[in-house]
Amino acid sequence: MSEGIHPIASLLAAVARGITGVQVQWAGCEPDERQRIYFANHTSHLDFIVLWSALPSEIRAHARPIAAKDYWEETPLRHYLAENVFKAVLVERGAISKANSHEEPKFVGRSLIEDMAAALGDRNSLILFPEGTRGTGEKVGEFRGGLYHLALRRPDVELVPAYMENMNRILPKGEFLPVPMLSLLTFGKPIQVEPHETKHPFLERAREAVSSLRRIGPA
Amino acid sequence: MVAAIHDLKLMLLFGGVLCLLVTLTLIGRVLKQSHNSNVNRSTIDNFNAQIAAWWKMCVVFALSLLVGPVGSLVLFGMLSFLALREYMTLVPTRRGDHRTLFWSFFVIMPLQYYLVGLQWYTFFAIMIPVLACIFIPTSIAVAGDTAHFLERTSKIQFGLMVCGYCLSHAPALLQLKIPGFEGHDARLLLYLGIVDQMNDLLQYVWGKLIGKHKIAWRVNPDKTWEGSLGGLVSATALGTLLWWATPFTPLQSAGMSFTICILGFAGGLVVSAIKRDIGIKDFGAVIERRGGILDRIDSLCFAAPIFFHMVRYYFVP
């Protein structure tokens, strides 16, 4: 992504930061230009843009979101935003888990992993919401398999967990007008796939890495 | 409006505030440098943070005076917005409150300040206590979630009352038509701010110096009888000495300052109780950089409406 940041992206990021008053804490690592996969809990449409805007601009220029194809290709505006403004990597939701359930041909999942690996290239980072869909914010849902396969495919890339708090109260699923409450974003300690670690234990550990960053706790 | 600059007494009042701030800043620096002091380090940081906040308030207030009444409206409107934001962030709400909250932030609050700006007293006086009081439960009921209905309604209503309605009486002071005091209302606002904030500071200082007997240790362990009474007496004395800037006689000024101080104390205590209730001591630490606005203006929120009504009742024919 040598073209840099799209001006609309910068504008939307500034608006999102203003609405959410987000306070960023790098608790487990420092901002770094090395290649990373940032993975976080997902409760709001604002999640990606806020996480993205929290990264320093040099890093931001090379950070691309993984987004659901079905949603982001639905209208021309969404498609434009995903494709041109945020340079999103659009993937088919659930394809990877289907591919691993032995009922679907494995190559669907494999080609998706290849797509994501290609999107990483040799200098990009990715932003991923492994729950695959927006939750209610009460607890972090189960992770889908993509993170595991991608981590195996690119062991050189750091996996950074992040937790976003209060986003579900600012713009919950099903609403289109935001309420300007304050939010918190915490980046945790990078994790990696241990030798011989299988998918489910790893995904559970990754989920724990995200939810342990919660600072306020359930009311 | 540059009218403010030609108001000599206003400038004197403001100059006094600046001198005080410079002095306090120097004291803060000295305290910070002194290594071998028996004063707690966090106490000093706290003190310096308070002074930094006052500098900011002072600059913003001066700018708003230069702009004229609209400037003060915008300033206090922003304060209300930020305070409400902090309050709503800390108070648990449910998914079903979302639209009601949106209305509170973007319609009810701006409307309140707009009505104050219109000088439409009979309307702005009932806006939140009557109209919002009916609107909020209706809106939550329409959303369909009945769990904790009364609690949720009260939380939102109370937030709007304290952060929005009460505070909006401070800029409303600028529209009181006091005979013989026309064009000098900014002094009244500054008077309220000085007495209120000095009461906070003096309570704190007296509390640190001679505070022993706690008033309600469960609510706020820092509030002591010695501190509160010391603050009350000294801030009332200060307010009395500022009578020349107001339409009051010295005795009236003493009464007004006394009232402001008592209410300021009440505001601080109530906001502390809310914080203990929702257990946000930790959260307060988490949002320290953006937070703390409610802590700084809690006393003003309680003092402003009563001060406004006392002046209006006794001095506006």
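Reply: Two strands are said to pair if DSSP finds at least two bridges between them, where strands (E, at least two residues) and helices (H or I, at least four residues) are DSSP runs numbered from the N terminus. In E5(A), for instance, A:Leu128 is the bridge partner of A:Phe39. The model is predicted: local features need pLDDT of at least 70, side-chain atom pairs count only at pLDDT 80 or more, and totals for chains, interfaces and linings use all residues. Residues are numbered from 1 along each chain as its sequence is written, and chains are lettered from A and ligands numbered from 1 in the order in which they are written.

Me: How do you know that strand E2 (residues 36-40) of chain A and E5(A) pair?

Reply: Three bridges join E2(A) and E5(A), in the parallel sense; the definition asks for at least two. Strand E3 (residues 63-68) of chain A also pairs with E5(A) in the parallel sense over three bridges, and A:Arg64 stands opposite A:Leu126 there.

Me: Which residues of strand E5 (residues 125-128) of chain A point one way, and which the other way?

Reply: A:Ser125 and A:Ile127 point one way, A:Leu126 and A:Leu128 the other way, and all are buried. A residue is buried if 20 or more other C-beta atoms, placed from the backbone, lie within 10 Å of its own, exposed if 12 or fewer do, and partly exposed in between. In a regular strand the side chains alternate between the two faces of the sheet.

Me: What makes helix H8 (residues 146-153) of chain A largely enclosed by the rest of the structure?

Reply: Six of the eight residues of H8(A) are buried, so the helix is largely enclosed. Those buried residues are A:Gly146, A:Leu147, A:Tyr148, A:His149, A:Leu150 and A:Ala151.

Me: Why is chain A called as compact as a globular protein of its length?

Reply: Chain A has ten helices and seven strands. Its radius of gyration is 16 Å, close to the 17 Å that the globule rule gives for 219 residues, so chain A is as compact as a globular protein of that length. The radius is taken over C-alpha atoms, and the rule is 2.2 Å times the number of residues to the power 0.38. Buried residues make up 43% of the 219 residues in chain A.

Me: What makes the radius of gyration of chain B agree with a compact globule?

Reply: For 317 residues a compact globule would have a radius of gyration near 20 Å, and chain B has 20 Å, which agrees. The C-alpha atoms of chain B fill a box of roughly 55 × 50 × 30 Å along the principal axes. Its secondary structure comes to 13 helices and zero strands, and 41% of its residues count as buried.

Me: Which residues have the most contacts inside the largest nonpolar core?

Reply: They are A:Phe39, A:Val50, A:Leu51, A:Ala162, B:Leu167, B:Leu192 and B:Ala304, in a core of 132 residues. A nonpolar core is a set of buried Ala, Val, Leu, Ile, Met, Phe, Trp, Tyr and Cys residues joined through C-beta atoms within 7 Å.

Me: How many residues does each chain bring to the contact between chain A and chain B?

Reply: Chain A gives 15 residues and chain B 16 residues; two residues are in contact if their C-beta atoms, placed from the backbone, lie within 7 Å.
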